[in-house]
Amino acid sequence: MVEEWVVAAVLGAERRLLDPAVRTNNISVENLLDPAFVEIGQSGRLWSREAMICALREPRMSSGLGHAKLAAVHVEGVGPDLYLLTYVLELQAGSTRRSSIWRLDGQGPRIVFHRGTRIDSP
């Protein structure tokens, strides 16, 4: 069982990364992305930390996130100071199943890995 403060820290950091005001602020994003960060996008593209910081400056990367809802949230410990967050992100345009690995150490929460997969409508 993961402690409540861990869930709050991980979920709070993930929510910050979904905030359009945070996403367009390089310093805020740099503080949340671990130096080893990688993402596999919905298209299958592999994103580096640097490429993601640059891409998030674009308003289109945050469109629709202002009304995002997180559902089926779960946090699980996967290693020393590493936690897997899984959830469904519900937007007007559709839903995605997401997973993020967060590092919690003396430097605060930092995302190491992220993956989002579209959920097809029935």
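# Salt bridges, strand pairing, pocket and core

Me: Why is the contact between the side chains of Asp34 and Arg110 called a salt bridge?

Reply: The N to O distance for Asp34 and Arg110 is 2.8 Å. The term requires a side-chain nitrogen of Lys or Arg within 4 Å of a carboxyl oxygen of Asp or Glu, so the pair at 2.8 Å qualifies. The model is a predicted one, in which local features need pLDDT of at least 70 and side-chain atom pairs count only at pLDDT 80 or more, while totals for chains, interfaces and linings use all residues. Residues are numbered from 1 along each chain as its sequence is written, and side-chain values use heavy atoms, with hydrogens and water left out.

Me: How do you know whether Asp34 is buried or exposed?

Reply: Asp34 has a relative accessible area of 3%. Buried means under 20%, exposed over 50%, and partly exposed in between, with a 1.4 Å probe and protein chains only; Asp34 at 3% is therefore buried. Arg110 is buried as well.

Me: Which other partner does Asp34 have in a salt bridge?

Reply: Asp34 also forms a salt bridge with Arg103, the closest N and O atoms being 2.9 Å apart. Asp34 lies in strand 1 (residues 33-40) and Arg103 in strand 5 (residues 94-105), so this pair joins parts 69 residues apart in sequence. Arg103, at 24% relative accessible area, is partly exposed. A network of salt bridges links Asp34, Arg103, Asp105 and Arg110.

Me: How many salt bridges are found in the whole structure?

Reply: The search of the whole structure finds four. One of them joins Glu90 and Lys69, with the closest N and O atoms 3.9 Å apart. Glu90 lies in strand 4 and Lys69 in strand 3, so the pair ties together parts that are 21 residues apart in sequence. Glu90 counts as partly exposed at 29% relative accessibility.

Me: What makes strand 1 and strand 6 a pair?

Reply: Strand 1 and strand 6 have four bridges, in the parallel sense. Ile40 has Arg115 in strand 6 as its bridge partner.

Me: How do you know that strand 5 pairs with strand 6?

Reply: Strand 5 and strand 6 run antiparallel and are joined by 10 bridges. Ser100 stands opposite His114 in strand 6. The two strands form a hairpin with two residues between them.

Me: What joins strand 3 to strand 4?

Reply: Eight bridges join strand 3 (residues 69-79) to strand 4 (residues 82-91), and the strands run antiparallel. In their hairpin, which has two residues between the strands, Asp81 takes a positive phi near 65 degrees. Glu76 stands opposite Leu84 in strand 4, and Leu84 is partly exposed at 26% relative accessibility.

Me: How much space lies in the largest pocket?

Reply: The largest pocket holds about 890 Å³ of space. A pocket, on a 1 Å grid over the protein atoms alone, is an open set of points where a 1.4 Å probe fits, with protein on both sides within 12 Å along at least five of seven lines; lining residues have an atom within 4 Å of a point. Of its 34 lining residues, Arg23, Glu39, Gln42, Met61 and Arg98 are the closest to its centre. Helix 1 (4-18), strand 1, strand 5 and strand 6 each give two or more residues to this lining.

Me: Which residues of the largest nonpolar core touch the most other members?

Reply: Among the 27 residues of this core, Val10, Leu32, Leu33, Tyr83, Leu85 and Trp102 touch the most other members. The largest share, six residues, comes from helix 1. A nonpolar core is a set of buried Ala, Val, Leu, Ile, Met, Phe, Trp, Tyr and Cys residues joined through side-chain atoms within 4.5 Å. In soluble globular proteins, nonpolar side chains tend to be buried together.

Key:
Pairing = 2+ DSSP bridges. Points joined across faces, edges and corners; volume = space filled by probe spheres on them.
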